[in-house]
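Please look at the sequence and the model before reading on.

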Amino acid sequence: MKIAADAPCSYAEIALHYLREQIINGEFRAQEKLVETEIAQTLGISRGPVRDALKQLAVEGLVDYQPNRGCTVALLSPRDAYEVFYLRGNLEKMALEKCNCTISDEGLFIMENALAEMRSFSDQDPMYPKVMADTRFHRQIVLASQMDRLVKMWELLTPLNGAMFLSIHNANHSPFADRIDHPTRGNLVMAHEQILAAVQKRDLQEACRVLDSHYTKNGERVYRLSLMQEAAQDG
């Protein structure tokens, strides 16, 4: 594996970055067993840092750990995904209310650049860069609150952003996806364009409305599709 010049420098950080990226990009599939020795051999490191990375990924919701059985690739349950969408959206609305929808020129510049990245992505591109662009975009909203505890609460959910994207990806590929609105890449870009436009105008009411729609619709869609699939299996 080739490590980029700006990649994390500790072995545990290298393993964490590698595994998170592979899982989010779909190189490791749901319920696939993650073998410490194989991963360590791939990275050319010992098992200890790999074990530490897997523990962190279990906290992030990307890995399931069971005693005597080891680690497998996990996804957020539909209920968990809905809760993360709901909480993250409400924290961002609180941040906008606190700053009266006023974000610094630097923050707006970062949001504009993140949005430009989103526009450049195709449906076939790896998911990890999309997750990182989304995180950079939304982080500027919470930073504008200048409330350290609010930012920390939001950042506790940030590691789950990749799991949220995977939940949406799996929902889009559900056999029932065509029965309800199907959000495309264009809709994702459009949602962020609407958020940015409202923030640039300092329109608090509109920014909160678009944020709520963005998070709530995705969360509800993931949940509804899971219920439809469960009903089909029970039938």
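Are phenylalanine 85 and tyrosine 215 buried or exposed? Both residues are buried, where buried means under 20% relative accessible area, exposed over 50% and partly exposed in between (1.4 Å probe, protein chains only). This is a predicted model, in which local features need pLDDT of at least 70, side-chain atom pairs count only at pLDDT 80 or more, and totals for chains, interfaces and linings use all residues. Residues are numbered from 1 along each chain as its sequence is written, and side-chain values use heavy atoms, with hydrogens and water left out.

**Aromatic pairs**

- The structure holds three aromatic pairs; rings of Phe, Tyr and Trp (its six-membered ring) pair if their centres lie within 6.5 Å, and planes under 30 degrees apart count as stacked, over 60 as edge-to-face and the rest as tilted.
- One of them joins tyrosine 18 and phenylalanine 28 edge-to-face, at 6.5 Å centre to centre and 80° between the planes.
- Tyrosine 18 belongs to helix H1 (residues 11-24), whereas phenylalanine 28 sits 10 residues away in the loop between H1 and strand S1 (33-34); helices (H or I, at least four residues) and strands (E, at least two) are DSSP runs, numbered from the N terminus.
- Tyrosine 18 is buried at a relative accessible area of 12%, and phenylalanine 28 is buried at 15%.
- The rings of phenylalanine 85 and tyrosine 215 are tilted because their planes stand at 55°, with centres 6.5 Å apart.
- Phenylalanine 85 lies in helix H4 (residues 78-98) and tyrosine 215 in helix H10 (residues 204-234), so this pair ties together parts 130 residues apart in sequence.

**Glutamine 140**

- Glutamine 140 is part of helix H6 (residues 127-143) and counts as buried at 13% relative accessibility.
- Leaving aside residues up to four places away in sequence, glutamine 140 touches Ile103, Gly107, Ile110 and Met111, contact meaning heavy atoms within 4.5 Å.
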